[in-house]
Amino acid sequence: MIVLGVESSCDETGIALHDSQRGLLAHALHSQVAMHEEYGGVVPELASRDHIRRAIPLLEQVLQQSGLPRSAIDAIAYTQGPGLAGALLVGASIACGLGLALDRPVLGIHHLEGHLLSPLLASDPPEFPFVALLISGGHTQLMRVDGVGQYTLLGETLDDAAGEAFDKSAKLLGLGYPGGPAISRLAEFGDPGVYKLPRPMLHSKDLNFSFSGLKTAVLTVVKNQITNICEQDKANVARSFVDAIVDVLVAKCLTALKQTGLKRLVIAGGVGANRQLREALNAAAEKKRFKVFYPELEFCTDNGAMIAFAGAMRLQINPDAAKRDYAFNVRPRWPLDELRAV
Ligand code: KG4
Ligand code: ZN
């Protein structure tokens with residue numbers, strides 16, 4: 001079965017074709033980062049308009065890459081939520097319009113389920129059950145994953161998401177948008193321990209997170225030095241910030257593994273691309289004897305492949321999960337634990 005995936009929940013238009021026999025056939029992505037950069041963050045209306053411009057050319061691109069005609073598509077999976085309402089509506093209308101035109105069934109996918117299952121696209125995929133740390137721009141959650149649609153929330157952030165903390169702190173250091181990769185690169189040049197930044201909720205017994213205090217601590221440091229913060233100081237702040245956030249993320253993962261008794265940890269979402277986090281998790285995995293799985297780097301951040309794949313997984317369990325019902329709605333707010341195995 002060939003599933004077309006359509007992702008448009010935020011500032012990336014992603015289109016992909018997945019074949020249940022042969023795996024991922026083709027995928028194409030357009031990032032709007034350059035367009036939003038001058039505003040210091042995503043402008044929702046601009047995002048929606050750009051998705052409209054990009055989706056069909058990207059579709060043509062994946063069809064060409066795969067050498068398949070449109071008629072080869074058996075079902076269409078699209079991101080139904082959570083995300084920006086207008087951006088989601090573009091993807092949903094394109095998926096449903098295409099479904100109607102081709103007489104193919106359509107299926108709405110939860111964006112975070114796409115992230116969660118994306119490590120299964122890798123060459124050494126994890127088996128169920130596993131603990132998953134979902135760390136994206138809008139979410140920070142620890143989940144127990146027993147199968148497709150079987151997600152139990154173990155803990156989540158009480159305020160800012162990890163990606164948001166990266167982006168906001170990077171902005172305070174004048175690093176532009178999105179700040180995650182930039183602050184991570186700058187931290188490589190920083191000395192550890194110059195700034196004592198908090199590790200929020202590190203010793204709380206639960207699996208929740210809180211990152212807004214960490215961002216405020218970065219603000220305080222930057223404010224105190226506003227007149228003469230030099231490049232080395234910036235790198236030192238970046239290093240202390242990354243060390244603090246990585247310490248908390250790793251500690252909570254270890255607690256989640258201990259509490260569940262599981263030995264497999266999956267990292268998903270944009271912050272999962274972070275180099276320092278991967279190094280710390282790999283070291284912890286070796287020491288504590290668990291296995292850690294990541295998506296391919298290109299599938300850490302938003303993409304169409306994870307949506308096509310999540311659609312294919314759902315259709316494998318229930319071939320009737322996709323419907324010839326083209327009256328779509330989107331769900332900008334949609335808790336992941338509301339999802340059920342189809
Ligand atoms: O999963 P994602 O692409 O989009 C959402 O669903 O939100 O995640 C985007 C987030 C942004 O906050 C971005 O700064 C962060 O992931 N990010 C990183 C890195 N690459 C992306 N954060 C830290 N280090 C990175 N290398
Ligand atoms: Zn995402």
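In this predicted model, residues 24 or more positions apart account for 72% of the contacts in the protein chain that have a separation of 6 or more.

Let us take the whole chain next. The protein chain contains ten helices and ten strands. Its C-alpha trace spans about 60 × 45 × 30 Å along the principal axes. A compact globule of 342 residues would have a radius of gyration near 20 Å, and the protein chain agrees with this because its own value is 20 Å. Of those 342 residues, 54% count as buried. The accessible surface comes to about 14700 Å², and carbon and sulfur atoms supply 52% of it. As for charge, there are 33 positive and 36 negative side chains, with the centres of the two sets lying 5 Å apart.

How is the chain divided into domains? The domain assignment gives domain 1, made of residues 2-116 + 299-338, and domain 2, made of residues 128-294. The centres of the two domains, taken over C-alpha atoms, are separated by 28 Å. Where the domains meet, 19 residues from domain 1 and 22 residues from domain 2 take part in the contact.

Is Leu-315 buried or exposed? Its relative accessibility is 6%, so Leu-315 counts as buried; the cut-off for buried is under 20%. Leu-315 and Met-1 are 314 residues apart in sequence, but their C-alpha atoms are 9.0 Å apart in space. Once neighbours within four places in sequence are set aside, the contacts of Leu-315 are Met-1, Val-3, Ala-75, Leu-107, Ala-321 and Ala-322.

You will find Ala-28 in strand β3, residues 23-31. With a relative accessible area of 4%, Ala-28 is buried. Ile-15 lies 13 residues away from Ala-28 in sequence, and the C-alpha atoms of the two are 5.4 Å apart. Which residues does Ala-28 touch, leaving aside its neighbours within four places in sequence? They are Thr-13, Gly-14, Ile-15, Leu-58, Gln-61 and Val-62.

Seven of its nine residues are buried, so helix α6 is largely enclosed by the rest of the structure. Those buried residues are Gly-179, Gly-180, Ala-182, Ile-183, Ser-184, Leu-186 and Ala-187. What do they pack against? Their partners are the helices α5 (162-172), α8 (231-260) and α9 (275-288).

A few backbone details are also worth a look. Most residues other than glycine have a negative phi, and most peptide bonds are trans.

Two of them involve proline. Tyr-177 and Pro-178 are joined by a cis peptide bond, with omega about -10 degrees. Pro-178 sits in the loop between α5 and α6. The peptide bond from Phe-128 to Pro-129 is cis as well, with omega near -5 degrees. Here Pro-129 belongs to the loop between α4 (111-117) and β6 (130-135).

The other two places concern phi. Met-201 is a residue other than glycine, and its phi has a positive value near 60 degrees. Met-201 lies in the loop between α6 and α7 (212-224). Its relative accessibility is 23%, so Met-201 counts as partly exposed. Arg-289, not a glycine either, has a positive phi of about 60 degrees. You can find Arg-289 in the loop between α9 and β10 (291-293). Arg-289 counts as exposed because its relative accessibility is 68%, and exposed begins over 50%.

Key:
Residues numbered from 1 in each chain as written. Chains lettered and ligands numbered in written order. Predicted model: local features only at pLDDT ≥ 70, side-chain atom pairs only at ≥ 80, totals over all residues. Heavy atoms only, no water. Helix = DSSP H or I, 4+ residues; strand = E, 2+ residues; numbered from the N terminus. Rg over C-alpha atoms; globule rule 2.2 N^0.38 Å. Buried < 20%, exposed > 50% of the residue type's maximum accessible area, 1.4 Å probe, protein only. Contact = heavy atoms within 4.5 Å. Areas by Shrake-Rupley, 256 points an atom, 1.4 Å probe, with all protein chains shown as cover. Lys, Arg positive; Asp, Glu negative; His and termini not counted. Charge placed at Lys NZ, Arg CZ, Asp CG, Glu CD. Domains from an automatic or database assignment.
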